[in-house]
Amino acid sequence: QAAEPLSPERFVRAAAAWIEGATEQTALWDTGAVLSTAADAAGDDLLDRVLFQLPPGYDLLFGRPAPGHRP
């Protein structure tokens, strides 16, 4: 459990450390694949509530960039 909210970048780095043989790039692809699938299953209303609780930037990991958001 994190003592403070993880930025998307720190989340991906942490995932890379947990996935055997992963790099930050492969962890980015892996987390994006899982989170975008979860976003599809959750629907827009629930996803909006989830993203509201996360630090900025997670919208990209969920495959749902906010309007005006540039990666």
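Reply: What follows goes from the overall fold to the pockets and then to the core.

This is a predicted model, in which local features need pLDDT of at least 70 and side-chain atom pairs count only at pLDDT 80 or more, while totals for chains, interfaces and linings use all residues. Residues are numbered from 1 along each chain as its sequence is written, and side-chain values use heavy atoms, with hydrogens and water left out.

The protein has four helices and zero strands, where helices are DSSP runs of H or I with at least four residues and strands are runs of E with at least two, numbered from the N terminus. The radius of gyration, taken over C-alpha atoms, is 12 Å, close to the 11 Å of the globule rule (2.2 Å times the number of residues to the power 0.38) for 71 residues, so the protein is as compact as a globular protein of that length.

A pocket here is an open set of points on a 1 Å grid over the protein atoms alone, where a 1.4 Å probe fits, with protein on both sides within 12 Å along at least five of seven lines; its lining residues have an atom within 4 Å of a point. Volume is the space filled by probe spheres set on the points, which are joined across faces, edges and corners.

The largest pocket holds about 230 Å³ of space, and among its ten lining residues P8, E9, V12, L28 and L61 lie nearest its centre. Two or more lining residues come from each of α1 (8–18), α2 (24–42) and α4 (58–61), with α1 giving the most, four residues. By class this lining has five nonpolar, two polar and three charged residues, counting Ala, Val, Leu, Ile, Met, Phe, Trp, Tyr, Cys and Pro as nonpolar, Asp, Glu, Lys and Arg as charged, and the others, Gly among them, as polar.

The second largest pocket has about 150 Å³ of space, and its lining includes D44, L47, L51, Y58 and R64. Here α3 (44–53) and α4 each give two or more residues, and α3 gives the most, with four.

The largest nonpolar core has eleven residues, among them V12, L47, L51, Y58 and L61; such a core is a set of buried Ala, Val, Leu, Ile, Met, Phe, Trp, Tyr and Cys residues joined through side-chain atoms within 4.5 Å, buried meaning under 20% relative accessible area with a 1.4 Å probe and protein chains only. Each of α1, α2, α3 and α4 supplies at least two residues of this core.

Terms used: Buried < 20%, exposed > 50% of the residue type's maximum accessible area, 1.4 Å probe, protein only.
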